[in-house]
Amino acid sequence: MDELRRIGVHEIVLPNGDILHQAVVEIMNDFVVNYYEFRDELPMVEWFGGTIEVMREEEGLTAYQNGKRIMN
């Protein structure tokens, strides 16, 4: 069974340069499967704070914080 990891941060910088504030990135199998600004409290969210950069790589979207790739 694949495990979904939800991480909350102050900002997510998307590959096109757009910025989401107070947002969640969802990671499965080490790749970003979803991201969105949150309005309500969600279950199973790890709060990292700071900024995550979502980058487009050949295999799919990946997430980095402080230069380190976030995996599940």
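Strands E5 and E6 form a hairpin with 2 residues between them. Strands here are DSSP runs of at least two residues, numbered from the N terminus. The two pair in the antiparallel sense over 5 bridges, where pairing requires that DSSP finds at least two bridges between the strands. Glu57 has Gly60 in E6 as its bridge partner.

This is a predicted model, in which local features need pLDDT of at least 70 and side-chain atom pairs count only at pLDDT 80 or more, while totals for chains, interfaces and linings use all residues. Residues are numbered from 1 along each chain as its sequence is written, and side-chain values use heavy atoms, without hydrogens and water.

The pLDDT is the predictor's confidence in each residue, from 0 to 100. Its mean over the protein chain is 94, and 99% of the residues reach 70 or more.

| Strand | Residues | Mean pLDDT |
|---|---|---|
| E4 (lowest) | residues 45–47 | 93 |
| E6 (highest) | residues 60–65 | 98 |

E5 also runs parallel to E1, joined to it by 3 bridges. Ile12 has Ile52 in E5 as its bridge partner.

Ile12 and Ile52 are among the residues with the most contacts inside the largest nonpolar core, which has 14 residues. Such a core is a set of buried Ala, Val, Leu, Ile, Met, Phe, Trp, Tyr and Cys residues joined through side-chain atoms within 4.5 Å; buried means under 20% relative accessible area, with a 1.4 Å probe and protein chains only. E1, E2, E5 and E6 each supply at least two residues of this core, and E2 gives the most, with 4 residues.

Methods. Buried < 20%, exposed > 50% of the residue type's maximum accessible area, 1.4 Å probe, protein only.
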